[in-house]
Structure formats: structure tokens, C-alpha cells
Amino acid sequence: MISVFDLFKIGIGPSSSHTVGPMVAANLFLVSLLKQSELTAIDSIEIELYGSLAATGKGHATDTAILLGLLGHTPSTIDTRLTSNYLAPIFSEKSLNISGAHTIAFDTERDIYWYDDTVLPYHPNALTLRALLVDGTRYQQTYYSVGGGFVINEENATNPDEDHASPTIDSIPYPFNSAAELLEQCRQHGLSISDLVLTNECHYRDQTEVFAYLDSIWDVMQDCVKQGCENGGILPGGLDVKRRAQDLYSQLCAEKNQPITKTDKLAAMDWVDLYALAVNEENANGGKVVTAPTNGAAGIIPAVLHYYRDFLPSYSQSGVYKFLLNATAIGSLIKQNASISGAEVGCQGEVGSACAMAASALAEIMGGDPAKCLNAAEIGIEHNLGLTCDPVGGLVQVPCIERNAMGAVKAINAARLACRGNGQHFVSLDKVIETMKVTGADMLDKYKETSRGGLAVYADNRIPTASHGVSVKYSQC
């Protein structure tokens, strides 16, 4: 079972797979390492990045995320305003204070290796962390960042049955492995999707704890929109992309009471655009966001939730719980049966997944039964099939920020379209999830978060040639 505690994580930008995941991997490495030796026994540390993590790692701050993790910071607790201060000694003094307790020499040019032409067998996002000890021995672990901040080590990737950390599907009250099974469970027991997920969550946690976590997720989403609307300037990374949310917010506030705005039936969509832009500009700036289900698509669910808050009369805190719980069911199905990783299936796995999750959740809020919710999710994915992940300059800015605004509007339309229907649809949600997985497998690697194809090439004024495709070497290790 993929819990709401797993799917929605509080983390930092700009990427859940390239920033949050690697920081988590560094935390895991320290825990594992300290079971083998004392901190004072560490003489040096080496970092190896493979595949997509290496190809777009500098633009996604993968290297600095790992360093922050080795310093002892975690995605959910780090103060992003002080990131530069935390990293300063590493760059100025070439020293790394592991967990804030043991300082070693560390040179980013010497001790970080970028293998963008090598993909390890399990997943395109791989990293190896190695500690060399004073007695001459070495300890290393390889991790895979599989999207949404989820991280597994090489042992569990090779032997998945050995990982017993998560609840098994058979141990929850209402198990489901497919949308068809989810719908049947809802029909058989007379439950909405959100009620079914809540019952499963409460099998392991008290309801108060579940709601408190959902409160924290919603609070971070709202604060992220607020920060995005208040902060202007140029996004980091060298593309000189100007933040737009601040100006758009000022425009919309100024127009709010004008007659033309009151008669504009689509004025709400301008606000939805604003909400999504605000979140993803904060994400691109390295701010605190919620992986929903990834950072690259972090603006869609908050934007649709803000649409619910500001434009639907039925808004309530309990409605927010229903929204996030419903979205968890859809995200779980996609992650289990396809992928939410842009490096694995392209942006259809990120924006497409978030669009489907938001569409289903909003459909329930609008009174849709489980069949209509699944129809809304199917529409959300179907019309994102084939969407490539081609970030210009390896940065989560162009086209990622605008793509979230488009995904949020599409989710609202999918929910409305589904709620006007009877829940029946020609292509099932299970089939469209399977199609997304197959489409991702067919997609050339240069379109899967490597910045070697699509807009990443054309928008960078370089002529695309065969050399811009990724010629991968599959390691045998």
C-alpha cells in the first residue's frame, strides 16, 4: 500500500527525484554507515551520479542536495532560506562536516563523478555513495531515486521481496491493485474513494494523526502559493527566467472588482494559472513544496485545491481531506502500475499523474461517485499521453512551470466533463495507465529528463542531431 504519508511529502525544490530523493539517499547512507563504523573513522567520501541524475543533476541541484543530506539536513525540516550558508564551507574551505559532527576534506571537483552516459540496470536515476575509512576499508551503497522522493537501495531493487517496510496489500481492509478493484471495493461496501483510503490509512494510524498530516500538507501548499505570489525577481540557474506570479497576482487583485472581471465566466482560470505558477516558481527557486506526486508537477494539485477553496461554495477542511485521500488512491495506482518518474516515462508520468489525481479528487468534491472519479482520472492521463520531459538547461523552469498551469486547468475540465457524464468511458483508467507505461518505454531516452531532446535542444539554439540522444551503457554491476 502506498500511503498518503508516502505519496505527499514535504520537501524542497526543484525536483523530487533529483533533489529530494538524493537528499533522502544521503540520509539513508549515513544511517547505514553508522551501523558499520564511527563517524571519526571516515577519512573521505565519494559521490557517483548516473544516467538522468548526472545528465540534469547540476540544473536540478542533485549534488548540493546530497551534500546537504550528508551535513545532516532532511527535506522536510531544512530551512531553505539558509541553504547557501549550510553549503558555504564546502565550497570555500573544501571541507564537509558530516552530520555536523565530523569534518573531512571534500572537493566537489574531485569527489563528485558524473556518469551521464551510464545507466544502471534498475532505474535511470541512480547514485552511489562511498566512504573510505581510515583503516583503508571502504563502505558503499547504491540508491535509486524512483520519483516523488521515493528511494530504494540496490539490495531492495534486486530483491524486492526483502523490503518489508511498507504495509502489504493483503493487510489492509480494502486492498486494490487496479482501478477496477478499487471501483468494486467502493461499490461492494458503499464507500467513496476517499472514505476507502481513509479506512486503509486508519488501519495503521489513528485518524487524528492522518488528519494532522493532511493539515500540514495543505498548510505547506497554501504557504507555497503565498510565497510565490509575494516573491519576484529572476530564477537561479542562468536562463534568466523572470518570475511571473507576483505581477500576475497584482494584476488579478487590481481587476477583481472591475465589471469586466465580474462578467468573465473564465476569470477563475486566471487564478488557477496563478496558483500553479506560484508553486512551481517557488519550486524552481529551491523553496519548500509538497511532492504532489513529484516536484516537477507540484503546482497542479495545490492549484486545483485553491480553486476549490476560492471558487466552490462547498469548501471545508473535511473536503480538503477527501480531496487529498482520493488523490492518493489515483497516485498509488499510477505508481504501482506505471511510473511517476519523468526520467522513466517522461512528463506524462509527472504532469499526467498529477492531472489525473487532481481531476479524480475534484470530481468527488463536486459530487461525483467513484465511477465518475475514475473517469475524470482517465481523462486527465489520456490527454497527457506522450508528454515528454525536456527541461531547458536541465532546470525545472521551461517548460515545466507553465506546464503545471496547463495541467491544473486540464484537471478541472476533466472533472467537470466526467461529472456531466454517467461514469462510463470507452478506455478504462487501468488501460490508460498501462498505455502510459508502454508509451514511456517506447519514448527515446533523450525525451526523458536528460535535456538532450525536444525543447531542451531547440530552445537552447542548438541543432539537434543523433548525438543528442542518450547512448547509454548498461552497467553490469
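Buried means under 20% relative accessible area, exposed over 50%, and partly exposed in between, using a 1.4 Å probe and protein chains only. The close-ups below come from a predicted model, where local features need pLDDT of at least 70, side-chain atom pairs count only at pLDDT 80 or more, and totals for chains, interfaces and linings use all residues. Residues are numbered from 1 along each chain as its sequence is written, and side-chain values use heavy atoms, leaving out hydrogens and water.

**View 1. Tyr-308 and Tyr-315 form an edge-to-face pair.** Rings of Phe, Tyr and Trp (its six-membered ring) pair if their centres lie within 6.5 Å; planes under 30 degrees apart count as stacked, over 60 as edge-to-face and the rest as tilted. Here the centres are 5.1 Å apart and the planes stand at 65°. Tyr-308 is buried, at 1% relative accessible area, whereas Tyr-315 is partly exposed, at 28%.

**View 2. Phe-211 stacks with Tyr-321.** The whole structure contains 10 aromatic pairs. In this one, the distance is 4.3 Å centre to centre, with 10° between the planes. The partners are 110 residues apart: Phe-211 belongs to helix H10 and Tyr-321 to helix H15 (residues 317–337). Helices (H or I, at least four residues) and strands (E, at least two) are DSSP runs, numbered from the N terminus. With 12% relative accessibility, Tyr-321 is buried.

**View 3. Arg-130 meets Glu-46 in a salt bridge.** The term calls for a side-chain nitrogen of Lys or Arg within 4 Å of a carboxyl oxygen of Asp or Glu, and this pair has an N to O distance of 2.7 Å. It joins distant parts of the chain, with Arg-130 in strand S7 (residues 125–133) and Glu-46 in strand S2 (residues 42–50), 84 residues apart. Arg-130 is buried at 7% relative accessibility, and Glu-46 is buried at 17%. Look for Glu-48 too: a network of salt bridges links Glu-46, Glu-48 and Arg-130.

**View 4. A salt bridge connects Arg-243 and Glu-282.** The N to O distance is 2.7 Å. Arg-243 lies in the loop between helix H10 (207–230) and helix H11 (245–255), and Glu-282 in helix H13 (residues 267–284), 39 residues away. Both Arg-243 and Glu-282 are buried.
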